[in-house]
Amino acid sequence: MIRELSALTKRELLRLGRNPQAIATSLLLPILYLVLFGQAFNLNNITKLSPYPVPPSVFLELYRGAPSYFSYFSAGMTGFVAVTATLFIGANVIFDRLFGTLKRTAASPATPTAIFGARLLAGSVQPIGLAFLVLGLSLLLGHIGLNGLDITASVGVLGAAEIVGAIVILSVMFASLFIAIGFSLEQPQTYFAAVNAINLPVLLTSAALYPWGILPVWLKNVASYNPITLAVNVLRENLFAGASSYYPYGPGVYLLGLFGWAAAMFLIATLLARRALSPRR
Amino acid sequence: MTESIQVEGLAKTFNGTVRAVDNISFSVHPGEAFGFLGPNGAGKTTTVNLLTGQLAPTAGHAVVDGVDVFRHPAEIKRRIGLVFQESTADSDLTGRENLELAAALFGVPRREVRDRVEALLERMQIGDAADRLARTYSGGMRRRLELGVGIIHSPRVLFLDEPTLGLDPQGRAGFWRYVQELRKDHGMTVFVTTHYLDEVDLICDRLAIIDHGHIVASGTSSELKDRLGGDVVTIRTERPEPAVETALRAVPGVLSVSAQDGSYRIKAPKGEQLIPAIVQACVQSGVGLSSVSLKRPSLDEVFLEFTGHEYREDGVTPTDRAVRVSQVSQAFGRSRR
């Protein structure tokens, strides 16, 4: 099982490494968001239009303790790339089925768990890497005179572990979700239609982009359970000093909720993969 | 004798209505090359999918290499080799990486992997392209790579599902040469499905003909041809003469005579030896002959005899087949049986 898993994971990583276009494409979206959207959409600039001084507490309330919209938003983008970077993982399952590669693997003694696990492991590498790239780029932008991520809290070992944990669990969750869809559908067109039906609603019902303070109550209620929100809550509570007072729970609770999402998706994906790879009835 | 493959009452129905395989039974002896012959949609690939643990049956039993296929599909996958009709090697991996991956999945001992991969690359004549991505391989190279992937773990039973589909005659000849070498060197049992009659005739020790999910005949190629009653001598007379048919029937050794559009089809076990007597019978009946032809029974006729319809070999012209037969025969240094 371990040998099969490592051989199949190596295969997936080799394929990923040999497809630089896919990596470049997945980089493009977060870079555009950070360099264009994040720079243009700076809500703090509203003070320039206001005839009255806007108290800093308003912005802290708006961004749940983050010092600026960009800082708030860049933590959100770190979570959102877990979605964008895992989109194609399920499509690969479909293409592998169409091109016969999956048939070959399924006809081997490799267990469905190893086949699914390898895709999950390799599929989580890219979003995790991308998430840290977004964090790094956001920090860098602040050092070259642009809006950047301003980490105002001192992040300890536990905080760093919680941040890494949130990114990893979120990536595994979305990788599981898209692999599950890939094993359930046969046509790429249907897959991309399904992905589009998930992608935007998940983003737009999360707290990744919206300043929390101006969200309507009903959307706050919906967003509170969104896995992206759960992950970015962990990041924001750890990155910004005093942020915890704006959140009803500590990072551990959000991590637990996120873990629940990931476990559910993992279970569903495992069952669907087992069904797809078992002798057909 | 314990059979390599033993199938009893195997059936597969899709969606409750389409009976792709309908109550078939057969056995394959150890070390034998067994051909499963039939047109597209006859049930060949479904049978392979059933016997290789990829498909659950509607009814029946199958034992391959001593293991119950439907009770232990995972064990079956470990024991058999399988070459699909389509290319399944990973295009984004090199030939070497494809073989190494297969070695890991089939549990080849780590210390043996390198040697086995090198030996197969050489044997399959893809050593020079071993480190090139499989997507750059020609059709023939990909087929040989597929065969290499299928036998990396030295299986005792090898399933080949229309393995030469889409290959040119030289590619086919080369592919079958490797298969024959494997059989000779390892005593491997080979179960091959194909819709190329000539390949079955040249490669297989025994064969079964499947049509519409039923096995309609099985045996050696010679046995099946013999069941047709021997050769067919066709004569055309200069003019119709009813007495000719009676005279022909009286020739010793003639099994049957049928008149057809001004010509006569005469069945006889050794047609070439009867031609002088047939000519003499016509002359004695007072008519001259405009043509005489002798046709030895082929699997085409066997197929026609047992299925009641002509063989549907899609997209292959008689010329293609003639060229292929000639080249494949040449590769084996054998004449067509």
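Biologist: In what order do the four strands of the open sheet in chain B run?
Modeller: The order is E2-E1-E4-E5, and the pairing is antiparallel. Keep in mind that this is a predicted model.

Biologist: Which are the edge strands?
Modeller: Strand E2 (18-28) and strand E5 (67-68) of chain B. Each pairs on one side only.

Biologist: What holds strands of a sheet together, in general?
Modeller: Strands pair through backbone hydrogen bonds, either parallel or antiparallel.

Biologist: Back to E1 of chain B. How many bridges does E1(B) share with E2(B)?
Modeller: Seven bridges, in the antiparallel sense. Strand E1 of chain B covers residues 5-14.

Biologist: Which residue stands opposite B:Val7?
Modeller: That is B:Phe26, in E2(B).

Biologist: What about the turn? How many residues sit between the strands?
Modeller: Two. B:His212 in this hairpin takes a positive phi near 50°.

Biologist: Now helices. Why does the span of H10(B) agree with what we expect?
Modeller: Helix H10 of chain B has 14 residues, 271-284. At 1.5 Å a residue they should span 20 Å. The end C-alpha atoms are 20 Å apart, so the two agree.

Biologist: Is H10(B) straight or kinked?
Modeller: Kinked, by about 25°. The kink is centred on B:Ala277.

Biologist: Which residues of H10(B) are buried?
Modeller: B:Gly271, B:Leu274, B:Ile278, B:Ala281 and B:Cys282.

Biologist: Why would spacing along a helix matter there?
Modeller: An α-helix has 3.6 residues a turn, so residues three or four places apart point the same way.

Biologist: And what covers the buried residues of H10(B)?
Modeller: The cover includes strands E11 (231-237), E13 (263-268) and E14 (289-295) of chain B. Helix H9 (242-249) of chain B is also part of it.

Biologist: What comes after H10(B)?
Modeller: H10(B) is followed by B:Gly286, which has a positive phi near 90°.

Biologist: Zoom out. How many helices and strands are in chain B?
Modeller: 12 helices and 14 strands. Of the 337 residues of chain B, 44% count as buried.

Biologist: What box do the C-alpha atoms of chain B fill?
Modeller: Roughly 80 × 45 × 35 Å, along the principal axes.

Biologist: Last one. What share of the contacts in chain B comes from residues 24 or more positions apart?
Modeller: 70% of the contacts with a separation of 6 or more.

How values were computed: Residues are numbered from 1 along each chain as its sequence is written. Chains are lettered from A and ligands numbered from 1 in the order in which they are written. This is a predicted model: local features need pLDDT of at least 70, side-chain atom pairs count only at pLDDT 80 or more; totals for chains, interfaces and linings use all residues. Two strands pair if DSSP finds at least two bridges between them. The expected span of a helix is 1.5 Å times one less than its number of residues. The bend at a residue is the angle between axes fitted to the seven residues ending there and the seven starting there. A residue is buried if 20 or more other C-beta atoms lie within 10 Å of its own, exposed if 12 or fewer, and partly exposed in between; C-beta atoms are placed from the backbone. Two residues are in contact if their C-beta atoms, placed from the backbone, lie within 7 Å.
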